[in-house]
Amino acid sequence: MKLSAHLVVIMGTQSYQGKEQGYGDYPITDILQMMGRSGRPTKDDLGKCVILCHAAKKEYYKKFLYEPLPVESHLDHFLADHFNAEIVNKTIVNKQDAMDYLTWTFLYRRFSQNPNYYGLKGVTNRHLSEKMSVLVEETIEELETAKCVSVENDMDLAALNLGIIASYYYLRYTTIDLFNNSLSATTKIKGIIEIISNATEYDTLPIRHGEDGILQRLTNHLPMKIDKHKHGDPHTKALILLLAHFTRRPLTADLYQDQMQVVETASRLILAIVDVISSSRWLKPALAAMELSQMVTQAVWETPDAVLRQIPHFTEERIKRCLDNKIENVFDVNDIDDDDREKLLGANKGELIDIARFCRRYPDIELQYSVNEEDDLHAGEEVVVDVQLKRQLEADDEIEPVMAQYYPKEKMDGWWVLVGDTKSKEVLAIKRVNLGKTGKAKLDFVASEMGERTFHLYFMSDSYSGCDQEYELK
């Protein structure tokens, strides 16, 4: 909020640090930012700020508030992610390019201005060159260990699949390394949720004083067991908030804001997980991750009534009435006459409008497919499947954002089309589709065995439950 006042009072200069289980000082930059709120533009000639702090800190703050504040670079803490992105974009193709890249950074400028801060023993060209060489070697080694880049001839650099995924989804390389080492052919939805919650992106999730008690009470109402000894860990908090999102538990204002951050990040992490799993050709975990994406968007758990639960204003009682009348999905709700729907649900006019709007936006996709040269296929040859997609819309209807009442921001629906072998439990081909009114996808794979084979074509949503499609390919 952009607020200003004639007088600003900073009531203490410490905040609770969950990781350290104690209080720590605000960064000087935060103090300066708070001070900057003093003085109303066009109204005050000057502003006043009062800082309330421990007496021992008085001289410390006077020094940094009255003198220019040195600004240092922290690029070295995140250099691996920057290098990975530049290697993917082919801005950096060898170690010498990485050295040249560093010379254009603020970090390089600060080496000579404040060498002690960066662990340099001198500022000569030799010292700077040695420092950068060590930095480049260590960073590239980290990326190589995480299987994000490959090093050829001890000099040339090339992006690997994991590095490309990390760069595309703006993820830390440590997160992709975690996914690669933690996922397996038998990973289920609950396992994926635990893996996501341990992503590096959640390292900075704040832990406030007294929150551990609130989180402990929340765990009593969640569908997964939580280690009670780790409530002070930001990753455990992320897991709890994700599960609370699925079960729609009420939260305090601070926890709700944290939950929105966790949920928004989780969507991006799931997209990356689908790519990592697909690279290993694991069919069941890939489908589980896609279903998890739907759960995150609609805030539903993997229960039989999840499809109806995503409809606005569908309470437990209304869902039970629908199921008793054999109304099991959104299409069934949409097919009911308006009068019958009002009588069945007992909803008011405003609620009925929201329900009708959701049903109108709910995707109804017509899928047609064909196998090229279907009558002349041989083992070891490429099989090509052409998929045609068409939304069932009225002539003047436009594609609208996903209607998800618990999702933190506007989102357009996305889709996966994939071919899987249920016998070997492998993903044979997969494509991500952003579908307009119409769309198409071309899937190709190699039929490795002789004889008649049955594959499955899946069409999966990333936003809605209950609209996925599955076909047999023989």
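Helices (DSSP runs of H or I, at least four residues) and strands (runs of E, at least two) are numbered here from the N terminus. The model is predicted, and for that reason local features need pLDDT of at least 70 and side-chain atom pairs count only at pLDDT 80 or more, whereas totals for chains, interfaces and linings use all residues. Residues are numbered from 1 along each chain as its sequence is written, and side-chain values use heavy atoms, with hydrogens and water left out.

**Positive phi angles**

Most residues other than glycine have a negative phi. Lysine 425, which is not a glycine, has a positive phi of about 60°, and this lysine sits in the loop between β9 (415-421) and β10 (426-433). Asparagine 153, likewise not a glycine, has a positive phi of about 55° and is placed in the loop between β5 and β6. Lysine 90, which follows α3, has a positive phi near 65°.

**Exposure of single residues**

In the terms used here, buried means under 20% relative accessible area, exposed means over 50%, and partly exposed lies in between (1.4 Å probe, protein chains only). The table lists residues from several parts of the model.

| Residue | Relative accessible area | Class |
|---|---|---|
| Glutamate 72 | 18% | buried |
| Lysine 425 | 45% | partly exposed |
| Methionine 11 | 66% | exposed |
| Tyrosine 66 | 69% | exposed |
| Asparagine 153 | 70% | exposed |

Tyrosine 66 belongs to helix α2, and its C-alpha is 51 Å from that of threonine 247, a residue 181 places away in sequence.

**Glutamate 72 and helix α3**

Glutamate 72 lies in the loop between α2 (58-66) and α3 (79-88). Its side chain makes a polar contact of 2.8 Å with the side chain of arginine 110 and another of 2.8 Å with that of asparagine 114; a polar contact is a pair of N or O atoms within 3.5 Å, where within protein one atom must be able to donate a hydrogen and the other to accept it, and residues adjacent in sequence count only if both atoms are side-chain atoms. When residues up to four places away in sequence are not counted, glutamate 72 touches Phe106, Arg110, Asn114, Tyr117 and Tyr118, contact meaning heavy atoms within 4.5 Å.

Helix α3 is mostly covered, with 7 of its 10 residues buried, and among these are Leu79, Phe83 and Ile87 as well as Asp81 and Glu86. The elements that cover the buried residues of α3 include α4 (95-103), α6 (125-145) and α8 (173-182).

**Nonpolar cores and a surface patch**

A nonpolar core is a set of buried Ala, Val, Leu, Ile, Met, Phe, Trp, Tyr and Cys residues joined through side-chain atoms within 4.5 Å. The largest one has 128 residues, of which Phe179, Ile193, Ile196 and Leu292 touch the most other members. Helix α12 (residues 253-280) gives the most to this core, namely 12 residues. A second, separate core of 5 residues includes Ile10, Ile28, Ile31 and Tyr61.

On the surface, Leu7, Val9, Met11, Val50 and Leu52 form a nonpolar patch with about 450 Å² of accessible area together. Patches are made of residues with over 30% relative accessible area and no salt bridge, with nonpolar side chains (Val, Leu, Ile, Met, Phe, Trp, Tyr) joined within 5 Å and like charges within 9 Å; a salt bridge is a side-chain nitrogen of Lys or Arg within 4 Å of a carboxyl oxygen of Asp or Glu. Accessible areas come from the Shrake-Rupley method with a 1.4 Å probe, and for residues only the protein chains shown count as cover. Strands β1 (7-11) and β4 (48-52) each supply at least two residues of the patch, and the largest share, 3 residues, comes from β1, the strand that holds methionine 11.
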